[in-house]
Structures are given as structure tokens and as C-alpha cells.
Amino acid sequence: MNIGIRLHDTAGHSLEEHLRSAHEQGFTCVHIAMQKVIPGFAMLEAPTLLNEELAAQVRALLEKYELQCAVLGCYLNLATPDEEALAKNVACYKAHLRFARMIGALVTGTETGAPNTGYKTCPECWTEEALALFIRRLTPVVRYAEEQGAVLAIEPVCRHIVNTPERAQRVLEQVNSDALRIILDSVNLLSPENSPRADAVIADAIERLGDQVRVLHMKDFRVVEGKADVQSMACGLGDMDYTRLLRFAAAHEGIPMTLEDTVPDNAEAARLFLERYPL
């Protein structure tokens, strides 16, 4: 299994310290959010900061600690109605795509936003208008990824515009590019309403998107009475059945599975839980 971790969930105060921690805990790949692991890194300055010199340093550290960068995170809102903010966000996406190629990252990862300036869930997220807006905004970014020889991977989330496997499938079909792929985070597709059908939700996602999935995000969940969202947590601490996901991973040898919602004290246990999971 190629099990990794979100790098900012590891112990450390610098990029190298975080990478060392990931290596020491037995992980083989990482999800990097630059602003969360490099002190002083300002996301909106990414077009300047993500240069060849920094790329060489990151590549060297990844090699030193024998880690693959599975995901370079750029989680900015492409559906914002603020045109000035949109232009800055698009510039950041382009910078991350260039940088991903330079450091050998498998994908640049993102979620799919909301049609407001606060990146907040709202009823408009589920409309056809919001989906069409997102596709219009996404398409030129994907075309840039094509030019760079990079891959942009979108992550469906039940609270965002691309909130179901069916909507994600429509995005893939309409953009129609080898530079657009999927990060499958099954827990992010779950709500208190559909969680009793979690296995069916996962099955639908794999059937619709499986050939396009490049990374799995792995975590657990529990439904908490009175909460609008399921509570997510480290693998092995909740009610998740991983059978279907791990069989999918076994059929796609080497696919990165990056842990989320861990802390340094339980990350290794979460990795071992998946490695020892009975199938």
C-alpha cells in the first residue's frame, strides 16, 4: 500500500521537519499545502514564491526522505463572484501547476468551491447555474495544466458545487481532458442523511469515477446527533467500512492514499489500521 499523510498533520516547524516526521512514521507519500508547512508562505504570493529555486529544494527533500508528493494543494474558490479575487486565484492555480511539474507531484488538488465570496455552503451550490459557472472557470485552468504537462484533480464534497459523483462525472465529460482527474475522499461525500447508505455512495463514486481517480483521501466518520455534517476523524476511530475502498486500491496498485484528520500521536496507528484491515 502507498499510504501517505497530509503533511501539515505531522510534527514539525519547517518543511524538512514535517517530511522527516512523515518518513519516520512509515509513510511513503505526502499531500503538501505550502502555506501550512513553510513558515511565512503567503498563498496569494504563490506566483512569485513557487520558483525553480524552491522547487529544487523541495525535490531534494522529497528524495532525501524517500517520499512522493501525491498532492500539491491549491484549495481556492474558482466560483467566487469577486472578479479581482478570481484573477488572483487563477494565477495561484497556474503557479501551483507549474510547481507541481517541477517537483514531480502527481496532481495539484482542489475542491470545487461555492458561488460566494466566503467559500461557504449555500443553497445555490446545488444549482445547475453554479455547476455551469464552475465548469466555465475550471476549463481554462485545465487547459493551462495541459500546456504544463501537469494534472489538476478535483475533490467532490457534499457541501460544495461538485457535491455528488454524478456531478463530478459531468465535469469530467464536459471539460474532457487528460489533465483533469479526481481525488476521491469518500467521507467528504457523506452527510447525516446519506451516511446510512455510505457503501452505496462509495460504490457509485467508484463506478462513475474510478478510472479517473488518481488519489484517495482516507479518514473515518461518525454521525453526531444535531450536527449538520458528519464528524470526521482518523482511520479506525469511527464507523467507516473500508472494504470497497481498499479493494479498489488493491486493484490500482500504488495509488496514493493520504490520511486526513490525524494528529502525530495517532497517525501511525491509522496507517497500520489500513494496512491490517481484513478484506
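Which residues does T80 touch, not counting residues up to four places away in sequence?

Author: The model is a predicted one, in which local features need pLDDT of at least 70 and side-chain atom pairs count only at pLDDT 80 or more, whereas totals for chains, interfaces and linings use all residues. Residues are numbered from 1 along each chain as its sequence is written, and side-chain values use heavy atoms, with hydrogens and water left out.

T80 touches A85, L86, N89, A114, N116, T117 and R137, residues up to four places away in sequence not being counted; contact here means heavy atoms within 4.5 Å. T80 is located in the loop between strand 3 (68–73) and helix 5 (83–103). Helices (H or I, at least four residues) and strands (E, at least two) are DSSP runs, numbered from the N terminus. With a relative accessible area of 4%, T80 is buried, a term that means under 20% relative accessible area, while exposed means over 50% and partly exposed lies in between (1.4 Å probe, protein chains only). Its side chain reaches the backbone nitrogen of D82 at 3.2 Å. Such a polar contact is a pair of N or O atoms within 3.5 Å; within protein, one must be able to donate a hydrogen and the other to accept it, and residues adjacent in sequence count only if both atoms are side-chain atoms.

Another threonine in a loop is T10, found between strand 1 (2–6) and helix 1 (15–24). T10 counts as buried because its relative accessibility is 5%. The T10 side chain reaches the backbone oxygen of L7 at 2.6 Å, and a polar contact of 2.9 Å links it to the side chain of H18. Beyond four places in sequence, T10 touches I5, H18, S21, A22 and P264.

A11 is also in the loop between strand 1 and helix 1, yet A11 counts as partly exposed, at 38% relative accessibility. With residues up to four places away left out, A11 touches E17, H18, S21 and P264.

A further loop, between strand 5 (152–154) and helix 7 (165–175), holds V157. V157 counts as buried, since its relative accessibility is 0%. Neighbours within four places aside, V157 is in contact with E111, V162, N163 and N188. The C-alpha atoms of V157 and V187, 30 residues apart along the chain, are separated by 8.5 Å.

Turning to the helices, A267, A270, R271 and L274 are buried in helix 10 (residues 267–275). These residues are on the same side of helix 10 because they cover an arc of only 100° around the axis; the arc is that of the directions from the helix axis to the C-beta atoms. An α-helix has 3.6 residues a turn, so residues three or four places apart point the same way. The cover over the buried residues of helix 10 includes strand 1, strand 7 (213–218), helix 9 (243–251) and strand 10 (256–259).

Helix 9 also packs with helix 8 (residues 198–209), at an angle of about 25° and with axes 9 Å apart. Axes are lines fitted to C-alpha atoms, for helices over the stretch in contact, and angles run from 0 to 180 degrees between N-to-C directions. Helix 8 is therefore roughly parallel to helix 9, as angles under 35 degrees count as roughly parallel, over 145 as roughly antiparallel, 65 to 115 as roughly perpendicular and the rest as oblique. On helix 8, D199, I202, A203 and I206 meet R244, L245 and F248 of helix 9.
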